Amino acid sequence: MDKKKLFIIGAGYAGIRTISNLYKCKDVEIYLIDKNSYHYLQTDVYDYLTSQINLSDIAIDLYTYCASYERNVTFLHEEVLRIDLENKKIVTTENRYRYDYLIIASGAQTLLPDSIEGLKENFHGIKSLENALLFKQKFEYFIYKKIENEGKCSLDSNFNIVIAGSGLSGVEIASEMANYSREFYKDTGYLCSGINITLINSHEKLLASNSVFMQKEAEKRLNDLGINIIKNARVTKVTDDCVILNNSQKVDMNFLIWTAGITSSDMVLNMKAAKNKKGQLEVDEYFRLKEHKDVFAVGDNAQMFDPLTKAPLPPTAQVATYSADYISKNIIRELSNKPLQVKSIRLRGFFASLGGRFGCGEVMSFFKFRGKQAYFFKKLIEKTYRFPLHQRCKKGLKKIKELMN
């Protein structure tokens, strides 16, 4: 029997997990397509922004990673332009490919509503590695300018960082930036300070999709760090020096970080397939497109829900990896002519970094952690995920060098 061609679009958490699940399957040839040459570890980016880890810790080389899997996995460094679902074809910037099975895991991009005047011209995001690099450079350049003007009181004005969005990304980046700036000035003894951080929250509670325990811990920590929290407010307009809210309040701004919503990639938005209001693909209980049973969609570009309870699943790396496990098992069953299985996706817990060696989290809703204990637990999870990827890359690099000699 000829091998089936399985294409995975997107090298995010779901795409990488699917490869590790299916590479031993002798009935498929796996092709990973991504416009970037690296796997971006967005969950670790806050440590990079505050200089706790290196660039190599958040960008995993896809060439060497895929090379470690012998000939059963091929990486295609190309951008997908469109998907022809009727004819089972993928059109990229370089080629056309025909698939037997397709997994769409292209992730998400920052949602920038057209109704908010000036937003697109004045925001910064962290959904991509490029944006994270630009953010880090600009933030560190500001600190340099503050040091350069040390003692010149007229030039030592406050620097105002505004963060819109109080989900996990917004809360973590606010706390890490606040802690980083506080520790920097305390340790160096510089006179210059004056970094103000404001978090704008459209709800009453931070981390609205998380437990009450995590909501309270996050708010307490942000208050301890001196972060100004504005609740029940939405951004309606952005200029080059301020953010205007729906209650007409003006917030001074030198740097706006936008984490208030995501939408699917342009490729998904242009697909002729059923989507929800957020532009996410609608899927059945097996995470397949409802009109195309050979196409799966997982991660941020799909409307994720628990297959058994139908409860919505949050757009997290944990959900992406567990969903990849779920569809991988069903693909193997289908290749073996076995009926697909519907199983619940049980999340083990959530952890948040809240600046410095401090965090909060819970496991299975029963075991709750705060402070240093939660911080080290989260770091252990991150390292457990990252270490095997680096080992794979080393193995792949060795094989590439052997082929070149």
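**View 1. Strands β1 and β2 pair around L6 and I30.** In this predicted model, L6 has I30 as its bridge partner in β2. Strand β1 covers residues 4-9, and six bridges join it to β2. The two strands run parallel. Strand β2 spans residues 28-34. Six of its seven residues are buried, so β2 is largely enclosed by the rest of the structure.

**View 2. Six strands form an open sheet.** The strand order is β5-β2-β1-β9-β21-β20. Pairing in this sheet is mixed. Strands β5 (73-77) and β20 (288-289) are the edge strands, and each pairs on one side only. Helix α9 packs on the sheet. It touches β1, β2, β9, β20 and β21. The direction of α9 makes about 175 degrees with that of β9.

View 3. Strand β9 holds residues 101-104, and strand β21 holds residues 292-297. Three bridges join them, and they run parallel. I104 has A297 as its bridge partner in β21.

**View 4. Helix α1 packs against helix α9.** Helix α1 is formed by residues 13-22 and helix α9 by residues 317-335. Their axes lie 8 Å apart, at an angle of about 35 degrees. The crossing of α1 past α9 is right-handed. From α1, the contact uses Y13, A14, R17, T18, N21 and L22. From α9 come A317, A320, T321, A324, D325, S328, I331 and I332. By type, the contact residues are eight nonpolar, four polar and two charged.

View 5. Of the 19 residues, 14 are buried, so α9 is largely enclosed by the rest of the structure. Just after α9 comes N337, with a positive phi of about 60 degrees. Most residues other than glycine have a negative phi. N337 sits in the loop between α9 and β22 (349-353). At 75% relative accessibility, N337 counts as exposed.

View 6. The buried residues of α7 are F213, M214, Q215, E217, A218, E219, R221 and L222. G226 follows the helix, and its phi is positive, near 80 degrees.

**View 7. Three strands make an open antiparallel sheet.** The order is β6-β7-β8, and the pairing is antiparallel. Strands β6 (80-84) and β8 (96-98) stand at the edges. Each has a single partner strand, so one side of each is left without a neighbour in the sheet. From one strand to the next, the twist averages 20 degrees.

**View 8. K88 lies in the loop between β6 and β7**. Four bridges join β6 to β7 (residues 89-92), and the two run antiparallel. Within this pair, R82 stands opposite V91 of β7. K88 has a positive phi near 55 degrees, in a residue other than glycine. At 18% relative accessibility, K88 counts as buried. The cut-off for buried is under 20%.

**View 9. Strands β22 and β23 form a hairpin**. Five bridges pair them in the antiparallel sense. F351 stands opposite G361 in β23. Five residues lie between the strands. In this hairpin, G355 takes a positive phi near 90 degrees.

**View 10. Strand β23 is covered on both faces**. The strand spans residues 359-363, and five of its five residues are buried. G359, G361 and V363 lie on one side. C360 and E362 lie on the other.

**View 11. Strands β23 and β24 form a hairpin**. Five bridges join β23 to β24 (residues 367-371), and these strands run antiparallel. V363 has F367 as its bridge partner in β24. Three residues lie between the two strands. In the turn, M364 has a positive phi of about 55 degrees.

Conventions
Residues numbered from 1 in each chain as written. Predicted model: local features only at pLDDT ≥ 70, side-chain atom pairs only at ≥ 80, totals over all residues. Heavy atoms only, no water. Buried < 20%, exposed > 50% of the residue type's maximum accessible area, 1.4 Å probe, protein only. Axes fitted to C-alpha atoms, helices over the stretch in contact; angles between N-to-C directions. Left-handed = near helix turned anticlockwise from the far one by under 90°. Contact = heavy atoms within 4.5 Å. Nonpolar A, V, L, I, M, F, W, Y, C, P; charged D, E, K, R; others polar. Pairing = 2+ DSSP bridges.
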